[in-house]
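Work through each task before you turn to its solution.

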Amino acid sequence: MDYRKLNNVTKKDVYPLPRIDDTLDRLRHSTYFSSMDLKSGYWQIEVDERDREKTAFVTPDGLYEFKVMPFGLCTAPATFQRVMDTVLAGLKWQTCLVYLDDVVVFAPDFDEHLRRLRVILDTLKKAHLTLKPAKCHFGYQELKFLGHVITPKGVLPDPDKTKAVANFPTPQSKSRIVAMSFCEPRS
């Protein structure tokens, strides 16, 4: 869907996304981590019946409207973050952290981690939010989260994310730098 025209006339939502550095900093001094990813995150948020007509689109089979929040709306990230913050109110920053559809549970020891995990899973279930099991990782002492690796010793950059920079060939001349930056070799 191309929602540029709708986005141009939409009152922007200024609800903030969490700062990644604050989020990662909060994970220090924890030993166990679990991460959960919501299944089709935006599609778990219902669009108010009065606003559905704004999401209308045409197909060869007719005119349709979204019942759930589609991708491409300028307010979708803020709306989704607000929902997650509301669902996990009182638990965020103490028991878990949330960045859009990613939830990480952290704890200083395994028993506490299991207790916190149970609370978070029950809370998500009561809110009728569904997880994507293939993207959930439970009870790890080292875990990838938001492009970083979280460990009891601290937070490190994810080597998969830094590999391209590390493997970038050393330029031999100024013109080679420009060519490497903007072009790819012909095959």
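**Exercise 1.** Determine what share of the contacts with a separation of 6 or more comes from residues 24 or more positions apart.

*Solution.* Taking a contact as heavy atoms within 4.5 Å, residues 24 or more positions apart supply 63% of the protein's contacts with a separation of 6 or more. The model is a predicted one, in which local features need pLDDT of at least 70 and side-chain atom pairs count only at pLDDT 80 or more, while totals for chains, interfaces and linings use all residues. Residues are numbered from 1 along each chain as its sequence is written, and side-chain values use heavy atoms, with hydrogens and water left out.

**Exercise 2.** Compare the radius of gyration of the protein with that of a compact globule of 187 residues.

*Solution.* The radius is taken over C-alpha atoms, and the globule rule is 2.2 Å times the number of residues to the power 0.38. The C-alpha trace spans about 60 × 55 × 30 Å along its principal axes.

**Exercise 3.** Decide whether Ser-35 is buried or exposed, and list the residues that it touches.

*Solution.* Ser-35 belongs to strand 1, residues 32-37 (strands are DSSP runs of E, at least two residues, and helices runs of H or I, at least four, numbered from the N terminus). Ser-35 counts as buried because its relative accessibility is 7%, the limits being under 20% for buried and over 50% for exposed, with partly exposed in between (1.4 Å probe, protein chains only). Leaving aside residues up to four places away in sequence, Ser-35 touches Val-103, Val-104, Lys-135, Cys-136, His-137 and Leu-143.
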